[in-house]
Amino acid sequence: MRTRTPGILCDRSNKRTVNKEYKGERIFARLGRVSQDDAETWLRARQAEVDARREDELRKGDEQLFAAAAQKYLTECKQREIRTLDLVAGHVNLLLPHIGRLPLRDVCNDALEGFKKKRVADGVKASTINHSLEVVRTVLNRAARVWRTDGKPWLSTPPLIEMLDERAQRRLPYPITWSEQAALLKHLPAHLQRMVLFAVNCGARDENVCKLQWAWERKVPELKRSVFVVPAADFKSGRPHVLVLNDVAWRIVEECRGQHDEFVFVWRRERVKNVDEEPAMPYRPIETINNNGFQKARRAAGLERVRVHDLRHTFGQRLRDAGVAEEDRALLLGHAIAGMPQHYATATIARLVEVANKANETRDRTTLLRVVNG
């Protein structure tokens, strides 16, 4: 419900959310159970940041602040419809408290030390921190090579931004056993159960499961089922991928049919008990499998090491255990190999469905990687 301040909403559990457009920028955050005064204070602070960025836009050359340069980069990403826009924006938000008010000429390794130390202290992996540093690199490179004011670059020479060493934190894949799969599914809500079971039966990545769209469906009448063609813009390798479904994955798709016009996997908040007048909540797409529900289920099942991407590793490992040829595994998982077709004949799809079903023939087997990781 709305509050006295436009843009601040409060739900039945007294949790407040800010959703306001201010001077062309969207300010959004779920603040939780905070007072109205605290929510208004938070909103005023964000509006002040927007005002400050507007003033910074008047600066020239290397006097430009990193915050203004980062905003310009985000605007370009949005115009080019970069599919990782939300991730880039997340890294920018993490960086701004540390280097947002620095002129571009002062952004360097030393200036980023405080950011690196805080992220390490928070338990963040080196690879994740490096993603943020890559955003800094990109912004500085574009400031030096692309952006101009009165014909002069925003930055004369971009400094060297050093990455953290990821080797010590690199983690081996952790394909789950059938008993671990059962334990995990038991603790998941219904919508996440479907998504996890789908991923472990077709090897799709988190983002492809969450964004799977009915518009991508291609019917194969001879097989009385469909495949999904993931567009190049939505697939990691930048090439279209034909997502072939085994019997379990296909059954899940059929169960989801009719819930949403656009997305295959959706969810809706359950109605409050004994409140007959409350309207049914609409179905909504899911941003990531790795949400609070998945993390709670993982802990409850004693599988803290398991990541969403390990569901893909599990499918690949089960195909290997079932003796599926490397070429067929590559086709099913979307690995780029020389001479790989982007679309398949019906006979090829039929063969791939058959070998994809072999993953479920390994129910009582133990994988080599389980021994290595154990």
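How many salt bridges does the count come to? I applied the rule that a side-chain nitrogen of Lys or Arg lies within 4 Å of a carboxyl oxygen of Asp or Glu, and the count comes to 15.

**Basis.** I am working from a predicted model, where local features need pLDDT of at least 70 and side-chain atom pairs count only at pLDDT 80 or more, while totals for chains, interfaces and linings use all residues. I number residues from 1 along each chain as its sequence is written, and side-chain values use heavy atoms, with hydrogens and water left out.

**Whole chain.** I noted 14 helices and 10 strands in the protein chain; these are DSSP runs numbered from the N terminus, helices being H or I of at least four residues and strands E of at least two. Of the 374 residues, 43% are buried. I use buried for under 20% relative accessible area, exposed for over 50% and partly exposed for in between (1.4 Å probe, protein chains only).

**Salt bridges.** I looked up Arg4 and found it bridged to Asp37, with the closest N and O atoms 2.6 Å apart. Arg4 lies in the segment before strand E1 (8–10) and Asp37 in helix H1 (residues 36–56), so this pair ties together parts 33 residues apart in sequence. Arg4 is exposed at 59% relative accessible area, and Asp37 is partly exposed at 46%.

Within helix H1, I checked Arg46 and Glu49, which are three residues apart, or about one helical turn. Their side chains meet in a salt bridge at 2.9 Å, N to O. Arg46 has 22% relative accessibility and counts as partly exposed, as does Glu49 at 37%.

I then turned to Glu217, whose bridge to Lys219 has its closest N and O atoms 3.9 Å apart. Glu217 is buried at 14%, whereas Lys219 is exposed at 62%. I traced a network of salt bridges linking Glu217, Lys219, Glu254 and Arg257.

**Rings.** I searched the whole structure and got three aromatic pairs. Rings of Phe, Tyr and Trp (its six-membered ring) pair if their centres lie within 6.5 Å; planes under 30 degrees apart are stacked, over 60 edge-to-face and the rest tilted. Trp214 lies in the loop between helix H8 (206–210) and strand E6 (217–220), and Phe228 in strand E7 (residues 225–230), so the pair ties together parts 14 residues apart in sequence. Both Trp214 and Phe228 are buried.
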